[in-house]
Amino acid sequence: MARINLQGISKKFGASAGVEWLDMQIADGELLILLGPSGCGKSTTLNIIAGLMAPASGKVIINDEDVTDLPPHQRNIAMVFQSALLYPHLTGRQNILMSLKRSGLGREEIARRVSETATILDIGPLLDKLPSHLSGGERQRVATAKAIVRQPDVFLLDEPLAALDAALRLTLRSELVNLQKRLRTTMVFVTHDQTEAMTMGDRIAVMRAGRLEQIGTPDDVYNRPDTLFVAGFVGSPPMNFFPGEIIGGESPRLRCGAMEGELKGRLATVPGNTQVMIAVRPQHLRVREEGGPGTLSATVFALEHLGKESVIILEMPDRTKVRAIVDPGVRAPVGTALQLDFDMEDALFFDPTTGHAIR
Ligand SMILES: Nc1ncnc2c1ncn2[C@@H]1O[C@H](COP(=O)(O)OP(=O)(O)OP(=O)(O)O)[C@@H](O)[C@H]1O
Ligand SMILES: [Mg+2]
């Protein structure tokens, strides 16, 4: 079992941020996802937890013990990287066995663990092959087996599925979650794929430019994003943003272009008029051919067929693009003029200057 506590972690690389003032608590047995765009500090954070990199300031505490100055091998942590690290001259089985070399386990237990791990990851036929005879995805599965077989306290994975084809990715994603739940090993999983984050995580830590933007359950970050960044990063297709204005007074009203509606107690009394950024999910936009008073005009930019539904991409008069989910049968030639609107209840509001949610 392992609880992880990061306290005020900072690490700079010359002028670039690395990570700054990172505070994070990871519960025992939790699967925490580190999510964020390229360069936001996910791998740096993981390397600092593993002990592969020392923070410039701050502490790494595992189970109440300060491990900041302990080397990786004294932390009982296993890590899987973006590209599989395997000994090229050893077979899959020998690579996996290397992990148990100093474990002190008996022959039978070792054989049992290797075969159990091989079954879980479906790598039986790969065990006697050399890494150079395996595909990228197969190498990654052997590397994952190598980490799992040790039954570490903490399991750190840095985009282990990134190199795999879509089908294998889906399979391995659920296998990893199932395994993590059965072993109840604390897991920190790095990805920049928000679908992976939403489907796998007990909680998601959204990072941006070296800082923690929001940490919460998938429901929290999807339905109650703290910032515009989180609102725009989580969800596929992403949220749509419309500039608008809250007209203050006893019962505040919201204006968005030609649309206007009551906020029905959604916000406390707003003294004056306030500029806001309105965020609406693609499934909450209504698109129609005929407008009326209080709808927004847009033209069709593209239509993407996803099978069970389609995504219509519309260009607004200010050239911004918005996405709406429509029925799969909808036909909409590029350039067609359409009208759209949404219910005020489905909108979230953000301060356009600070990017913070207004609740
Ligand atoms: N060893 C290093 N030397 C110099 N700069 C580094 C080093 N490692 C990371 N950085 C910088 O620190 C920042 C964070 O890097 P990090 O690798 O943690 O990002 P990441 O979120 O893992 O990105 P990706 O999704 O591309 O893997 C980046 O700006 C990166 O260029
Ligand atoms: Mg990385």
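Author: Two strands count as paired if DSSP finds at least two bridges between them. In this predicted model, an open sheet of six strands has the order β6-β7-β8-β3-β9-β10, and its pairing is mixed.

Reader: What makes β6 and β10 the edge strands?

Author: Each of them pairs on one side only, β6 being residues 77–80 and β10 being residues 211–216. In the order β6-β7-β8-β3-β9-β10 they stand at the two ends.

Reader: How many degrees are neighbouring strands of this sheet turned against each other?

Author: On average the turn is 15°, with direction ignored.

Reader: How do you know that β7 and β8 pair, and which way do they run?

Author: Five bridges join β7 (residues 154–158) to β8 (residues 186–191), and since at least two are needed, they count as a pair. The two strands run parallel, and within this pairing Asp-158 stands opposite Val-190 in β8. Strands of a sheet pair through backbone hydrogen bonds, either parallel or antiparallel.

Reader: In which sense does β4 pair with β1 and with β5?

Author: The sense is antiparallel in both cases: β1 (residues 4–13) and β4 (residues 57–62) share five bridges, while β4 and β5 (residues 65–66) share two. The two bridges between β4 and β5 meet the requirement of at least two, so this also counts as a pair.

Reader: What do β4 and β5 form, and which residue in the turn has a positive phi?

Author: They form a hairpin with two residues between them, and the residue in its turn with a positive phi, of about 50°, is Asn-63. Asp-122 also has a positive phi, of about 55°, although it is not a glycine; this residue lies in the loop between α3 (107–120) and α4 (136–148).

Reader: Which two residues does a cis peptide bond join?

Author: The bond joins Ser-236 and Pro-237, with omega at about -10°. Pro-237 belongs to the loop between α8 (228–233) and β11 (240–247).

Reader: Which residues are around ligand 1, and how do they divide by class?

Author: The residues around ligand 1 are Phe-13, Ser-16, Gly-18, Gly-36, Ser-38, Gly-39, Cys-40, Gly-41, Lys-42, Ser-43, Thr-44 and His-192. The elements that give two or more residues to this shell are β2 (16–26) and α1 (42–50), and α1 supplies the largest share, three residues. By class there are two nonpolar, nine polar and one charged residues.

Reader: Into which domains is the protein divided, and what separates their centres?

Author: The division is into domain 1 (4–233) and domain 2 (240–358), whose centres, taken over C-alpha atoms, are separated by 38 Å. Six residues from domain 1 and seven residues from domain 2 take part in the contact. On the side of domain 1 that touches domain 2, the residues divide into four nonpolar, one polar and one charged.

Reader: Which elements have the lowest and the highest mean pLDDT?

Author: Strand β13 (residues 259–262) has the lowest, 83, and strand β9 (residues 203–208) has the highest, 98. The protein as a whole averages 91, and 98% of its residues score at least 70.

Key
Residues are numbered from 1 along each chain as its sequence is written. Chains are lettered from A and ligands numbered from 1 in the order in which they are written. This is a predicted model: local features need pLDDT of at least 70, side-chain atom pairs count only at pLDDT 80 or more; totals for chains, interfaces and linings use all residues. pLDDT is the predictor's confidence in each residue, from 0 to 100. Helices (H or I, at least four residues) and strands (E, at least two) are DSSP runs, numbered from the N terminus. A residue is near a molecule or strand if its C-beta atom, placed from the backbone, lies within 6 Å of it. Ala, Val, Leu, Ile, Met, Phe, Trp, Tyr, Cys and Pro count as nonpolar, Asp, Glu, Lys and Arg as charged, and the others, Gly among them, as polar. Domain bounds come from an automatic or database domain assignment. Two residues are in contact if their C-beta atoms, placed from the backbone, lie within 7 Å. Axes are lines fitted to C-alpha atoms, for helices over the stretch in contact, and angles run from 0 to 180 degrees between N-to-C directions.
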